[in-house]
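Look at the structure below and keep the sequence beside it. The paragraphs that follow go from the whole chain to single residues.

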Amino acid sequence: MTLAVGRIGVLEHGFYNHPNDAIYLSGRFSQLWSGMLKPIHQLLAPAGEFCLACGKTVSVRVPGYPELCLPCYSSIPWIGHPRCRICGRHVGCPDCSRNGGVKRSFVMNRSSVAYSPSMRQWLAQYKYRGHEAYGAVLGRMMGKAMAQMKSELKTPQFAFDAVTFVPLSEARWSERGFNQAEELARGVALAGGQFGGSFSLLNLLKRSRHTDKQSFKSRNERLRNMQGVFQALPDATERLGRVVLQSSPSKRFHDKTIRLLLVDDVYTTGSTMNACAAVLQNMCEELGFTGEIYSLTWARS
């Protein structure tokens with residue numbers, strides 16, 4: 001048997017013709033073997049890392065989601081093709097096709113995932129049980145909804161003037177210590193490069209009164225419960241006008257539309273988003289502009 005390897009020339013029957021040849025050949029095999037295994041090593045998570053969702057050891061690293069094991073990542077119910085062009089729902093939507101009712105104050109909503117039982121559990125871990133690591137994962141997942149919206153808004157030079165979020169009541173803030181919608185909006189504002197650049201994040205809204213949890217209410221109860229709940233913060237209109245005109249001075253002469261991206265965690269009936277969007281539209285009108293409000297949520301129920 002004869003094997004030619006670079007400068008060594010010939011290695012026959014286990015004998016080598018120079019004392020250093022065996023060392024050199026061994027090193028070459030090590031390099032080749034290491035090169036073959038490197039892509040595999042890059043996919044393997046360091047020992048001791050556990051999946052954020054199921055707690056099992058992460059054996060294969062998912063690009064962009066090192067906190068999740070492959071099975072948990074693969075089970076995410078992404079919304080790739082919304083059935084409803086208005087609310088972004090992944091199945092038939094009776095709400096948006098219903099005649100009459102409350103006027104819709106936003107243009108469209110897009111969500112990253114369907115609000116399945118597993119996604120409900122993830123959000124509960126983040127909102128109520130103090131698992132802050134979920135925040136980064138949910139924020140990255142919002143990029144899917146951003147990409148979906150970008151693919152549909154094909155207007156040249158389209159961009160949002162600012163990003164804002166659904167506010168929490170003081171009671172909810174006291175319970176949690178943070179606003180999950182604000183944290184998601186922060187990530188969305190930084191990820192605005194998908195539309196050509198980062199966006200200004202503005203705190204524009206407040207809750208005028210505390211409301212009971214919406215999760216167990218009917219659609220009509222939700223709509224009634226949201227009436228008059230949201231108001232503009234005292235200096236919100238002034239701050240919005242300053243940001244809009246500083247970022248795009250030509251607006252005062254050419255484009256008379258302010259486009260805002262409103263962020264929340266879950267879209268159910270759209271009552272919360274609609275109530276917030278109506279207040280934002282009024283703010284834009286006070287500045288002499290037409291308001292176009294777009295909604296971005298992590299999940300769609």
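Among contacts between residues at least 6 apart in sequence, what percentage join residues at least 24 apart? The value is 66%, where contact means heavy atoms within 4.5 Å.

This is a predicted model, in which local features need pLDDT of at least 70 and side-chain atom pairs count only at pLDDT 80 or more, while totals for chains, interfaces and linings use all residues. Residues are numbered from 1 along each chain as its sequence is written, and side-chain values use heavy atoms, with hydrogens and water left out. The term pLDDT stands for the predictor's confidence in each residue, from 0 to 100. The protein has a mean pLDDT of 81, and 74% of its residues reach 70 or more. Over residues 1–30 the pLDDT stays under 50, and the model has 24 contacts beyond four places in sequence for them. Residues 36–45 also have a pLDDT below 50, with nine contacts in the model beyond near neighbours in sequence.

The protein contains ten helices and eight strands; these are DSSP runs numbered from the N terminus, helices being H or I with at least four residues and strands being E with at least two. Of its 301 residues, 43% count as buried. Buried means under 20% relative accessible area, exposed means over 50%, and partly exposed lies in between, with a 1.4 Å probe and protein chains only.

Next comes the sheet. Four strands form an open sheet with parallel pairing, in the order β3-β8-β7-β4; two strands pair if DSSP finds at least two bridges between them. β3 and β4 are the edge strands, as each pairs on one side only. On average, neighbouring strands of this sheet are turned by 20° against each other, direction ignored. Four bridges link β4 with β7, where Thr164 has Leu262 in β7 as its bridge partner. In β4, Ala162 and Thr164 point one way, Val163 and Phe165 point the other way, and all are buried. Helix α7 lies across β4, β7 and β8, and runs at about 130° to β7. For such angles, axes are lines fitted to C-alpha atoms, for helices over the stretch in contact, and values run from 0 to 180 degrees between N-to-C directions.

Which residues touch the most other members of the largest nonpolar core? Of its 43 residues, they are Met141, Met149, Phe160, Leu261, Leu296 and Trp298. A nonpolar core is a set of buried Ala, Val, Leu, Ile, Met, Phe, Trp, Tyr and Cys residues joined through side-chain atoms within 4.5 Å. The elements giving two or more residues to this core include α5 (133–152), β7 (257–267) and β8 (290–300). α5 supplies the largest share, eight residues. Leaving aside neighbours within four places in sequence, Leu261 is in contact with residues including Met146, Phe160, Val188 and Leu296. A second, separate core has 30 residues, among them Leu260 and Phe289.

Two helix residues remain. Met226 is found in helix α8 (residues 219–226), and it counts as buried because its relative accessibility is 3%. Thr237 lies in helix α9 (residues 236–247). Is Thr237 buried or exposed? Thr237 counts as buried because its relative accessibility is 17%. Not counting residues up to four places away in sequence, Thr237 touches Met283, Glu286 and Leu287.
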